[in-house]
Amino acid sequence: MSDSCLFCRILAGELPAERVAENEHSIAIRDIAPRAPVHVLVLPRTHVTSIHGIGTDERELLWACLALAREVVELEGIADGYRLVTNVGPLGGQTVFHFHVHVLGGRQLGHIDSLG
């Protein structure tokens, strides 16, 4: 855990967040600035800066996040079409430096080349 990390503070219960689902290694929360009708963030309970920082010995952490993302997709009723996104570093659009997966859906999503 990192005292200065927004997501670590949410995980510690210091800041509020609407929890959607959770498992042993990760939680899913609603994004406070949604980019789609369904916009949920899946984050590990362990502080890892980005997916780039996950080593081969931490594969279980990554798998737990992806498994929870699939559960969110089912709970939210968007299994017919959705997007999973993880941003890495400032040039990749990462603004909170705690690995997380965006689960986006609930409407027709544009092509990836239109992200801008």
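**Close-up 1. Arg19 stands opposite Ile29 in strand E2.** We're looking at a predicted model, where local features need pLDDT of at least 70, side-chain atom pairs count only at pLDDT 80 or more, and totals for chains, interfaces and linings use all residues. Residues are numbered from 1 along each chain as its sequence is written, and side-chain values use heavy atoms, with hydrogens and water left out. Strand E1 (residues 19–22) pairs with E2 in the antiparallel sense over 3 bridges, and a hairpin of 3 residues links E1 to E2. Strands here are DSSP runs of E, at least two residues long, and helices are runs of H or I, at least four, numbered from the N terminus; two strands pair if DSSP finds at least two bridges between them.

**Close-up 2. Strand E2 also runs antiparallel to strand E3 (residues 38–44), with 5 bridges.** Arg30 has Val40 as its bridge partner in E3. In E2 (residues 26–30), 4 of the 5 residues are buried, so the strand is largely enclosed by the rest of the structure. Buried means under 20% relative accessible area, exposed over 50%, and partly exposed in between (1.4 Å probe, protein chains only).

**Close-up 3. The search of the whole structure turns up 0 disulfides.** A disulfide needs a pair of cysteine sulfur atoms within 2.5 Å. For Cys5, the closest cysteine sulfur is in Cys8, 3.7 Å away, so it's too far for a bond. Cys65 is in no disulfide either, as its nearest cysteine sulfur, that of Cys8, is 13 Å away. Cys5 is buried at 7% relative accessibility, and Cys65 is buried at 0%.
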